[in-house]
Amino acid sequence: MATIRQEDFIQSVADAYQFISYYHPVDYIKGLYEAYQAEQSPAAKDAMAQILINSRMSAEGHRPICQDTGIAIAFIRVGMGVRWDAKLSLQQMVDEGVRRAYMDPDNKLRASILADPDGARKSTGDNTPAVVHVELVPGDTVEVIVAAKGGGSENKSKFAMLLPNDNIVDWVLSMVPTMGADWCPPGILSLGIGGSPEKAMLIAKWGMMDPINIHELQARGPSNRAEELRLELFEKVNALGIGAQGLGGLSLVLDVKVNDYPTHAASKPVALLPNCAATRHAHFTLDGSGPVKLDPPSLEDWPKLALDFSTSRRVNLDTLTPAETQTWKSGERLLLSGKLLTGRDAAHKRLVEMMERGEKLPVDFTNRFIYYVGPVDAVRDEAVGPAGPTTASRMDKFVEPMLAKTGLIGMVGKSERGAKAIEHIKQHKAVYCIAVGGAAYLVSKAIRKSTVLAFADLGMEAIYEFEVKDMPVTVAVDSTGNAVHKTGPAEWRAKIGKIPVVVA
Ligand code: SF4
């Protein structure tokens with residue numbers, strides 16, 4: 001009979017959360033590289049290269065793959081023969097492991113968890129509590145899966161109570177385009193079918209932790225309905241042409257997982273959950289012999305890629321004028337240098353409230369660009385920690401007042417804008433650019449200096465001024481309102497030619 005010591009359990013959880021903050025699972029690296037090699041869309045291929053290079057840099061630098069270091073989720077299978085030498089509950093032990101990992105001064109992770117979610121939304125300070133799922137199983141060991149899920153992909157989770165004769169493939173193909181690129185593909189889609197509503201969600205989440213192995217299934221062929229669905233969905237979802245980061249291309253997903261469970265005769269619950277470019281999970285087993293040390297991947301597991309900026313336009317942000325930005329075309333690649341302002345949800349809300357009260361703003365936005373970002377705190381000699389873009393559509397409602405009243409001429413964020421925001425961008429002849437979601441450490445290397453200009457009390461949501469050198473971005477909405485997230489997927493869907501393109 002194994003005895004699991006409290007300290008061994010906590011330290012193993014802490015080490016695993018640090019591990020997954022900077023090491024992708026090897027199957028993800030290999031799956032993404034295969035997709036990269038097959039990709040024919042230049043924009044999607046470039047995004048995949050950035051994600052792969054970022055992945056290797058994070059592994060070498062032991063710094064987070066993404067600035068959103070996620071909500072901590074743990075699946076724990078406790079053997080019924082196990083004894084515990086512990087005073088804390090399982091939830092408290094996992095939380096202590098999360099606290100240690102996220103507060104580690106050598107690689108401090110972003111504390112993204114807020115208490116009172118429909119009220120004050122105040123940070124708990126250390127990314128606790130974790131979401132813990134426990135199952136009692138026969139045996140003498142404790143199996144643990146830890147995962148860190150980013151908000152961008154969690155927010156795109158879908159669930160439906162379908163009728164027994166509804167077609168799941170049709171439902172998935174109707175849902176995926178509505179998810180846009182906010183979930184930072186390429187990644188994995190995981191379906192849970194059957195059981196009760198919460199069971200469908202749970203088996204979908206659990207299934208997401210399985211290794212990427214769709215090509216093995218393609219080679220051996222399906223042996224049950226779930227495997228048939230995996231193959232059909234893998235082909236049809238990619239044939240939508242949405243591609244990496246929603247730029248249009250061949251690979252939106254690297255795998256589709258399907259898990260099912262018996263359900264009521266009147267029901268067909270179905271959950272559809274995405275896992276993003278920052279796919280992060282680790283698996284370990286405690287047997288009473290001490291804390292677990294996970295084996296790091298070998299640097300040989302990453303392809304040796306270099307970024308090609310030879311066709312990118314170099315832009316000096318410090319001398320930029322609206323006349324210059326109006327020459328940029330949707331899909332064009334840029335390298336930004338100079339001073340870049342930052343701001344996201346809380347700063348925008350405060351700025352707009354100040355404008356409504358007629359107050360002077362603390363920052364002059366004339367002819368400036370704003371970057372939607374909430375970086376990880378810096379360590380050692382870093383100017384800033386990993387600092388990838390956050391979801392731009394959350395700022396859509398602020399676009400009109402910011403462009404109309406502040407002199408702002410451009411924005412940098414992640415994924416597509418809504419129709420109204422695009423209208424305002426066109427009306428004010430402004431531009432919107434994207435950086436690659438899931439390439440946060442790579443982006444941070446372009447940031448040479450960071451100074452807080454306003455709203456310091458907002459922490460990572462304060463307004464900073466970054467000094468950047470050759471920060472890679474792509475024009476996603478140009479001053480005529482042309483949007484790459486519309487034109488790219490339509491072009492590639494037509495090229496793939498398996499699903500009719502509907503022109504709105
Ligand atoms: S890759 Fe995108 S969705 Fe995933 S954690 Fe990072 S920002 Fe969020």
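In helix α6, which spans residues 168–175, the residues Ile 168, Val 169, Trp 171, Val 172 and Leu 173 are buried, where buried means under 20% relative accessible area, exposed means over 50%, and partly exposed lies in between, with a 1.4 Å probe and protein chains only. The elements that cover these buried residues of α6 include β8, β9, α9 and β11, and contact here means heavy atoms within 4.5 Å. This is a predicted model, in which local features need pLDDT of at least 70 and side-chain atom pairs count only at pLDDT 80 or more, while totals for chains, interfaces and linings use all residues. Residues are numbered from 1 along each chain as its sequence is written, and side-chain values use heavy atoms, with hydrogens and water left out.

- Helices (H or I, at least four residues) and strands (E, at least two) are DSSP runs, numbered from the N terminus.
- At the start of α6, a side-chain oxygen of Asn 167 comes to within 2.8 Å of the backbone nitrogen of Val 169; a polar contact is a pair of N or O atoms within 3.5 Å, and within protein one atom must be able to donate a hydrogen and the other to accept it, while residues adjacent in sequence count only if both atoms are side-chain atoms.
- Strands β8, β11, β9 and β10 form, in the order β8-β11-β9-β10, an open sheet of 4 strands with mixed pairing, and two strands pair if DSSP finds at least two bridges between them.
- The edges of this sheet are β8 (158–162) and β10 (253–261), each of which pairs on one side only.
- On average, and with direction ignored, neighbouring strands of this sheet are turned by 15 degrees against each other; axes are lines fitted to C-alpha atoms, for helices over the stretch in contact, and angles run from 0 to 180 degrees between N-to-C directions.
- Strand β8 and strand β11 (residues 268–275) run antiparallel and are joined by 5 bridges, and Met 161 stands opposite Pro 269 in β11.

- Helix α9 (residues 225–238) lies across β9 (187–194) and β10, and runs at about 145 degrees to β10.
- Asn 224 belongs to the loop between α8 (214–220) and α9, and counts as partly exposed because its relative accessibility is 36%.

**Strand β2 and its partners**

- Strand β2 (residues 71–79) is mostly covered, with 7 of its 9 residues buried.
- With strand β7 (residues 142–149), β2 pairs in the antiparallel sense over 8 bridges, and the bridge partner of Ile 71 in β7 is Lys 149.
- With strand β6 (residues 131–137), β2 pairs in the parallel sense over 7 bridges, and Val 78 stands opposite Leu 136 in β6.
- Val 132, a residue of strand β6, touches Ala 74, Ile 76, Gln 91 and Val 94 when residues up to four places away in sequence are not counted.

**Strand β14 and its partners**

- Strand β14 (residues 333–342) is mostly covered, with 9 of its 10 residues buried.
- Strand β13 (residues 313–316) pairs with β14 in the parallel sense over 4 bridges, and Arg 314 stands opposite Leu 335 in β14.
- Strand β19 (residues 463–477) pairs with β14 in the antiparallel sense over 8 bridges, and Leu 341 stands opposite Glu 465 in β19.
- Strand β15 (residues 369–371) runs parallel to β14 and is joined to β14 by 2 bridges, with Thr 342 opposite Tyr 371 in β15.

- The ligand is surrounded by Cys 66, Gln 67, Asp 68, Gly 150, Gly 152, Ser 153, Cys 184, Cys 276, Ala 278, Arg 280, Lys 414 and Gly 438, where a residue is near a molecule or strand if one of its heavy atoms lies within 4 Å of it.
- His 424 lies in helix α13 (residues 419–427) and counts as buried because its relative accessibility is 18%.
- Apart from neighbours within four places in sequence, His 424 is in contact with Val 399, Glu 400 and Leu 403.
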